[in-house]
Amino acid sequence: VQLVESGGGLVQAGGSLRLSCTASGNIFSIHNMGWYRQAPGKQREMVATITSSGFPTYADIMKGRSTITLSNWNTMYLEMNNLKPEDSSVYYCYSKLVVGGGKNVGVDYWGKGTLVTVSS
């Protein structure tokens with residue numbers, strides 16, 4: 001099972017970015033997916049999550065400035081607007097999913113992260 005992120009990069013303050021994450025491999029089902037971020041010297045924090053049925057939850061840190069969506073059953077997007085320098089972080093894709101052929105138990109998986117840098 002792999003979670004692969006893309007879409008990070010350098011953007012000026014006030015700009016926008018769209019991150020994507022695709023889950024692949026021997027996946028039986030996905031419970032939910034989400035985006036977390038971690039800046040140097042700080043703890044990883046939730047940005048937004050979305051259930052397999054498409055119900056989103058947003059953390060206060062980017063509420064009103066981000067939109068999380070699902071495409072098909074295994075691809076997730078995070079549209080970020082009005083970005084601020086303090087949004088600069090490595091953004092990680094997360095999913096709780098059930099691996100095919102195993103026990104019907106959700107397991108946490110993480111991508112390797114994509115770097116977002118917002119210049120002032």
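Two strands pair if DSSP finds at least two bridges between them. With that in mind, look at S1 and strand S3, residues 17–24, in this predicted model. They pair in the antiparallel sense, over five bridges. Take Gln2: its bridge partner in S3 is Ser24.

Now the sheet around them. Four strands form an open sheet, in the order S1-S3-S8-S7, with antiparallel pairing. Strand S1 (2–6) and strand S7 (66–71) are the edges, each pairing on one side only. From one strand to the next, the twist averages 15 degrees.

Next, the rings. The count is three aromatic pairs. In one of them, the ring centres of Tyr36 and Trp110 are 5.0 Å apart and the planes are at 70 degrees, so this pair is edge-to-face. Tyr36 is in strand S4 (residues 27–38) and Trp110 is in strand S10 (residues 107–110), so the pair ties together parts 74 residues apart in sequence. Tyr94 and Trp110 also pair, tilted, with 5.0 Å centre to centre and 50 degrees between the planes. Ring pairs link Tyr36, Tyr94 and Trp110 into a cluster.

Which of these are buried? Tyr36 counts as buried, at 19% relative accessibility. So does Tyr94, at 9%. Trp110, at 36%, counts as partly exposed.

The charged end of Arg18 is over the ring of Tyr77, 3.9 Å from its centre. Arg44 has its charged end over the ring of Tyr92, 3.7 Å from the centre.

Last stop: Asp87. This residue is in the loop between strand S8 (75–80) and strand S9 (89–99). Buried or exposed? Asp87 counts as buried, because its relative accessibility is 1%. Residues that Asp87 touches include Arg37, Arg65 and Asn82.

How values were computed
Residues are numbered from 1 along each chain as its sequence is written. This is a predicted model: local features need pLDDT of at least 70, side-chain atom pairs count only at pLDDT 80 or more; totals for chains, interfaces and linings use all residues. Side-chain values use heavy atoms; hydrogens and water are left out. Helices (H or I, at least four residues) and strands (E, at least two) are DSSP runs, numbered from the N terminus. Buried means under 20% relative accessible area, exposed over 50%, partly exposed in between (1.4 Å probe, protein chains only). Contact means heavy atoms within 4.5 Å. Axes are lines fitted to C-alpha atoms, for helices over the stretch in contact, and angles run from 0 to 180 degrees between N-to-C directions. Rings of Phe, Tyr and Trp (its six-membered ring) pair if their centres lie within 6.5 Å; planes under 30 degrees apart count as stacked, over 60 as edge-to-face and the rest as tilted. A charge sits over a ring if NZ of Lys or CZ of Arg is within 6 Å of the ring centre and within 35 degrees of the ring normal. Lists of a residue's contacts leave out its neighbours within four places in sequence.
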